[in-house]
Amino acid sequence: MSFWCAATGQPWTWAWKAYPGVWLFIGLLALGVWRWNRAAARWAGTTAPPAHPAFAAGLVILWLSLDWPIGALGAGHLASVHMLQFLLMALVAPPLLLFGPTRDAVAMLQGPGSGRSIARWLVSPFPALVQFSVVVLATHLPAVVDTLMATQAGSMTIDLLWIGSGLAFWWPLIRDVPRHPRFTHPVKIGYVILGLMFSPVMFGLVGFLVNSETPMYRVFELAPPLPGVDARADHVLAGTLMSVGGMTVAFVAISVLFYRWNRESA
Amino acid sequence: MAAACAGDRDATAFRGVALTSPLAKPSFTLTDVNGRPWEFAAETRDKVALLFFGYTHCPDVCPLHMANIAAVLKRMSATDRGRVVTVFVTTDPERDTPERLREWLGNFDPSFVGLTGTRAELESVQALLKVPAATREYAGADSSAYYVGHAAQVFAFARDGYAYTIYPFGIRQDDWANDLPRLVRDATGTEIRRALAAQAKAEALAVQRGDASPMTMGGLMVTQAVVAEPASQDEAAAYLTIHNDTPQEDTLVAIAADLAVRGEVHETMGEGEMRHMMAMPSLVLPPRAETKLVPGERHIMLLQLRRALKAGDSVTLYLSLSRAGPVEVRAPVVPYADLEKALGLVKTP
Ligand SMILES: [Cu+2]
């Protein structure tokens, strides 16, 4: 039994496999936010509301993207499924998960302490945008992917980087940034355009995935093949997914931001 | 270091593993998928012949080699493509019927040639190429479900009838795209020999500079490589540990060294008076295990030394692994007295 999905070099089978590390991680995330909210309620002298449905949806999406079969296929078999995991972990789950902490819980971040100030700095717009671009680029470089995906610790590192980096990227769009001047709607739209819709990093990666004549990642090129799947077609699909997925999520985010801007200025 | 693992590779270098001495194209006749005799040497005259031993039920190595070769051929010009013959010799004639071979190969490229024969015929062809004969590996109680352990490298015979390079598992489309056009465009082998000689020289220089060091490749790592300072001018023993951290078995199929003409793996057999050494054709490296070559047991013999070796020298060993491909390791020459310490067999206080 494996703790976390990694590239094993074993042929793919549809026989179910357990990845207890994934369950532990999802459980700890749910528990952590629940306890954070309880602490915040005690601190504010209120009672913690039940979990936000968006947070629950985010947890389910995260779980599906990490566990068998998506997790196992994406870790060691198909570049396209690996890309689907990236979309789910960095672009889809984080904005939903960010509905988890209550207003009081976020307000707790305003307190003193170096941990809190690092957290505040990470979720402030400019650092969030920069770290997201750096993480997206680094976690898609062939040398990094081919090395890290071969071990459970390495594969977990990539997954956690995507989730953490995605949370920081989405934070200033969804939650207030404590002690930070208000991030206005037009600036938020620009942020989404630069970080997601026309992200130079994502454009570059998509270009390489779709146009390169030979498959980019060794781990997916030399994995025991699934019947009828061609390594290059798989890489082209990965590139297409990144571009279509990124655009779609950005489009939805911008639409929501426009709607709110309209409503607020009306 | 050849090929697939060098970080900063020279754009003009061959990515295949260069053979220490070129291999002449063997002559053999097997049966093609139409049931007709197929003469390898005659059918591939003046062509680049890619020869591979495999089986169609293979989950990994065979379909990957075939898919990667097919993908690269597809992008070559029709003229260049027409100069390449890909030959797949089955090592599982019971399950690989001509119909199945035709269908399976056709999925990759209908021009691929599938060959079969009797078990004895197929084994003699493998022996001609000096690869260990394929063996069945049963996964469970079901006797119809089995894997076939087989050589994982593709032999590339150039148009002049010699194989200068082989392509172990781990070779990528990018590597084929680099090497195939160069093999195809050299009718006489002159350019290939010149390029490989230059590569060998550059590698030797890198060794002298100390750039080459014990290395890992594809989950394989070689450590504690040493050569015992030999009493003889002629031969020396080398010891090392190979860590196979992959889930698959690998096989050490060949050993070469810069300062010796030949290298062999030897095994010490028998007891007392009957004690003697025997060369092993190949050495199986079990998955997730380390294989130690130590004094008194299995070890490497370097034969026909190119010069006398003294303590303080170092020898570069080139190991060919059927799955991981080429691994190069530098082994210092140590006096016999220090051997156990160098091998980590005694704990130093
Ligand atoms: Cu095979």
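**Charged pairs and their setting**

Modeller: Asp160(B) counts as partly exposed, at 23% relative accessibility; on this scale buried means under 20% relative accessible area, exposed over 50%, and partly exposed in between, with a 1.4 Å probe and protein chains only. The model is a predicted one, in which local features need pLDDT of at least 70 and side-chain atom pairs count only at pLDDT 80 or more, while totals for chains, interfaces and linings use all residues. Residues are numbered from 1 along each chain as its sequence is written, chains are lettered from A and ligands numbered from 1 in the order in which they are written, and side-chain values use heavy atoms, with hydrogens and water left out.

The partner of Asp160(B) is Arg193(B), and the two form a salt bridge whose closest N and O atoms are 3.3 Å apart; the term stands for a side-chain nitrogen of Lys or Arg within 4 Å of a carboxyl oxygen of Asp or Glu. This pair links distant parts of the chain, 33 residues apart, with Arg193(B) in helix α7 of chain B and Asp160(B) in the loop between β9 (154-157) and β10 (162-167) of chain B; helices (H or I, at least four residues) and strands (E, at least two) are DSSP runs, numbered from the N terminus. Arg193(B) is itself partly exposed, with a relative accessible area of 40%.

A second pair joins Arg185(B) and Asp80(B), whose side chains meet in a salt bridge at 2.7 Å, N to O. Since Arg185(B) lies in the loop between α6 and α7 (190-209) of chain B, and Asp80(B) in helix α3 (residues 78-82) of chain B, the pair ties together parts that are 105 residues apart in sequence. Arg185(B) is exposed, with a relative accessible area of 60%, whereas Asp80(B) counts as buried at 9%.

Glu264(B) and Arg262(B) also meet through their side chains, in a salt bridge of 2.8 Å, N to O. Glu264(B) is partly exposed at 22%, and Arg262(B) likewise counts as partly exposed, at 39%. Elsewhere in chain B, Glu94(B), Arg119(B), Glu123(B) and Arg136(B) are linked in a network of salt bridges. Over all chains, the count by this rule comes to 15 salt bridges.

Such pairs also occur between the chains, where chain B and chain A have two salt bridges. Glu221(A) forms a salt bridge with Arg172(B), and there the closest N and O atoms are 2.8 Å apart. On the side of chain B that touches chain A, the elements giving two or more residues are α2 (61-74) and α6 (173-184) of chain B, and α2(B) gives the most, with three residues. The residues of that side divide into six nonpolar, four polar and four charged, where Ala, Val, Leu, Ile, Met, Phe, Trp, Tyr, Cys and Pro count as nonpolar, Asp, Glu, Lys and Arg as charged, and the others, Gly among them, as polar. The contact as a whole, meaning heavy atoms within 4.5 Å, takes 14 residues from chain B and 18 residues from chain A.
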